[in-house]
Amino acid sequence: MNDSKKAIVVGATSGIGEALAIELANNGFEVGLTGRRQNLLDELDRRIQTRTYARKMDIRDAEAAPQILNELVREMNGADVIVINSGVLYRNGSWDELQAMINTNVTGFVAVAEAALEYFTNKGKGHLVGISSIAGLRGAKGSPVYNASKAFISNYMEGLRHKIATSGMPIHVTDIRPGFVRTQMIEGRPRLFWVSSPEKAARQIFSAIRNKKKRVYITRRWRLVAWLARIVPDWIYNKW
Ligand SMILES: NC(=O)c1ccc[n+]([C@@H]2O[C@H](COP(=O)([O-])OP(=O)(O)OC[C@H]3O[C@@H](n4cnc5c(N)ncnc54)[C@H](OP(=O)(O)O)[C@@H]3O)[C@@H](O)[C@H]2O)c1
């Protein structure tokens, strides 16, 4: 990691983002925090020991969100790591909910990622981290749009990594693929397995950032599920 140690977590108000912001601060980072819920931003701001910078942001607003990111970067006098964690999941959603997933997980993600990369390219270095999901590996009946949105993120981040590699600049792109993490997103869902605490997930995500990994499964044992998801034939998968 470089000396200045500044990170921004887009979507830091709860769950994985909140735990990651705390983990980054525990490792000496100054942190920029964003999300829609101002009260939770204020609360997190008070709990974190290192210097924090908080900005309300709705990532669905693809014009305003990159501007807010740029303002936050200026206020922090630079950022080394930008994590895009914001995401929503609606199961069997209405049209409004399907649109919200696309606007948050796809359009908003791209708007902020492009702004982050423009900043890192001008600076000549940096680290973009995106939270996709194990759900991106296959389509599933629970929320087809959610799975597709997460597949988009993983595919997009791989493409960005290849594109940036041609510049030769030390800009890193990390795709974080969580399995199940105990957060509001999976509240009340029965029959889940290998459910991690947000704190454990955050520790493993931090380790992936420090080691500049290309892609990681959170927790690590989800690599096995990823491998199975890739090799299982349709006739077995369809019965699941
Ligand atoms: N929990 C799991 O099992 C799991 C598994 C795989 C992947 N993930 C992914 O992990 C990420 C974090 O989810 P989580 O499980 O920690 O759930 P969570 O507690 O619901 O956190 C979601 C975060 O996204 C932010 N967010 C949502 N909509 C936003 C918007 N329009 N603008 C800005 N921020 C927005 C929320 O902030 P505000 O509501 O304050 O805006 C919150 O900070 C998501 O991308 C999710 O898809 C989670």
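Q: In helix α6, which residues are buried, and what do the buried residues pack against?

A: This is a predicted model, in which local features need pLDDT of at least 70 and side-chain atom pairs count only at pLDDT 80 or more, while totals for chains, interfaces and linings use all residues. Residues are numbered from 1 along each chain as its sequence is written. Helix α6 covers residues 198-210; helices (H or I, at least four residues) and strands (E, at least two) are DSSP runs, numbered from the N terminus. The buried residues of α6 are P198, A201, A202, I205, A208 and I209. Buried means that 20 or more other C-beta atoms lie within 10 Å of the residue's own, exposed means 12 or fewer, and partly exposed is in between, with C-beta atoms placed from the backbone. Down the axis of α6, the buried residues fall within an arc of 120 degrees, so they line one face of the helix; the arc is that of the directions from the helix axis to the C-beta atoms. An α-helix has 3.6 residues a turn, so residues three or four places apart point the same way. The partners of the buried residues of α6 are α1 and the strands β4 (81-84), β5 (126-131), β6 (171-178) and β7 (215-218); contact here means C-beta atoms, placed from the backbone, within 7 Å. Just after α6, K212 has a positive phi of about 50 degrees.

Technical notes. The expected span of a helix is 1.5 Å times one less than its number of residues. Two residues are in contact if their C-beta atoms, placed from the backbone, lie within 7 Å.
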